Amino acid sequence: MIGNERLTGILLDSFWKILLPGLTVTIPLTILAFSFAMVIAVFLALVQFANVRILKPLARFYIWVIRGTPLLVQLFVIFYGLPRVGIVLDPFPSAVIVFSINEGAYAAEIMRAALESVPRGQLEAGYCVGMSYLQIMRRILLPQAFRTAFPSLSNSLISMVKDTSLAANITVTEMFMMTQRIVARTYEPLALYLEVGLIYLLFSTVLTKLQSIGEKKLNFYGYQGKEKKGKA
């Protein structure tokens, strides 16, 4: 009985100590990294879609290297490797950079496929009405591509929330590292690792619900657009 009461007290006390880094470190890290990753992804996707002669091979090389190497290795290269050449970064910025670069490569392929799924006739139609290439991309192709890519990008965002646990390996004090510290003090690894797993599950569930709402809204707007075209 005393053991159960002790374990319950540890779990109740540790819940908020784990959740706080989740709200102040894990979530901001995910939002920042994913935002930068989307900038990288859109740029790389446009380069490949437009078949830019010099930049396309560089984009393919970047995607090949990043997708072919482990995320943990990339974290170690940036945080522990760069100081050897005189570049020293704090843990949090290092994590943001690595997660952005890593996710940017995967999201670039998602965006490229989404752009290629839009009928080429829409690009030609844009030129016919006097629009520039950038105008066509901004007003016609990219909105449709984002609608197509939204489910896959949302899944990538959810995966990134869980992948941020790897940032503990470069001393970022996020949820997993905080859990490790509490385990070292209380010697209750099973209960505490299950607890942090449930908190990650909670975050993922919220994002999954938001994904579902976003998909419904995008489908609704897409349906309205098709109705307007049909009436025209």
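# Values against cut-offs

Trainee: Why does arginine 112 count as partly exposed?
Mentor: Arginine 112 has a relative accessibility of 21%. Buried means under 20% relative accessible area, exposed means over 50%, and partly exposed is in between (1.4 Å probe, protein chains only). With 21%, arginine 112 lands in between, so partly exposed it is. Before you go on: this is a predicted model, in which local features need pLDDT of at least 70 and side-chain atom pairs count only at pLDDT 80 or more, while totals for chains, interfaces and linings use all residues. Residues are numbered from 1 along each chain as its sequence is written, and side-chain values use heavy atoms, leaving out hydrogens and water.

Trainee: What makes arginine 112 and glutamate 116 a salt bridge?
Mentor: Their closest N and O atoms are 3.2 Å apart. The rule wants a side-chain nitrogen of Lys or Arg within 4 Å of a carboxyl oxygen of Asp or Glu, so 3.2 Å qualifies. Both residues lie in helix H4, four residues apart, about one turn of the helix. Helices here are DSSP runs (H or I, at least four residues), numbered from the N terminus.

Trainee: Which residues are linked with them in a network of salt bridges?
Mentor: The network links Arg60, Arg67, Glu109, Arg112 and Glu116. One of its bridges joins arginine 60 to glutamate 109, with the closest N and O atoms 2.7 Å apart. That pair ties together distant parts of the chain, arginine 60 in helix H2 and glutamate 109 in helix H4, 49 residues apart.

Trainee: Is glutamate 109 buried or exposed?
Mentor: Buried, because its relative accessibility is 12%. Arginine 60, at 33%, counts as partly exposed.

Trainee: How do you know that the span of helix H4 agrees with expectation?
Mentor: The expected span is 1.5 Å times one less than the number of residues. For the 27 residues of H4 (residues 91-117) that gives 39 Å, and its end C-alpha atoms are 39 Å apart, so the two agree. H4 still has a kink of about 25°, centred on glycine 104. The bend at a residue is the angle between axes fitted to the seven residues ending there and the seven starting there.

Trainee: What does helix H6 span between its end C-alpha atoms?
Mentor: H6 (residues 133-163) spans only 37 Å, whereas a straight helix of 31 residues would span 45 Å. H6 bends by about 55° at phenylalanine 150, with proline 151 following within four residues.

Trainee: Why is the pair of phenylalanine 15 and tryptophan 16 called edge-to-face?
Mentor: Rings of Phe, Tyr and Trp (its six-membered ring) pair if their centres lie within 6.5 Å; planes under 30 degrees apart are stacked, over 60 edge-to-face and the rest tilted. These two have centres 5.0 Å apart and planes at 85°, so the pair is edge-to-face. Phenylalanine 79 and tyrosine 80 also form an edge-to-face pair, at 4.8 Å centre to centre and 80° between the planes. Phe76, Phe79 and Tyr80 form one aromatic cluster.

Trainee: Where is isoleucine 54 found?
Mentor: Isoleucine 54 sits in the loop between helix H1 (2-49) and helix H2 (55-67). Its relative accessibility is 66%, so isoleucine 54 counts as exposed.

Technical notes
Helices (H or I, at least four residues) and strands (E, at least two) are DSSP runs, numbered from the N terminus.
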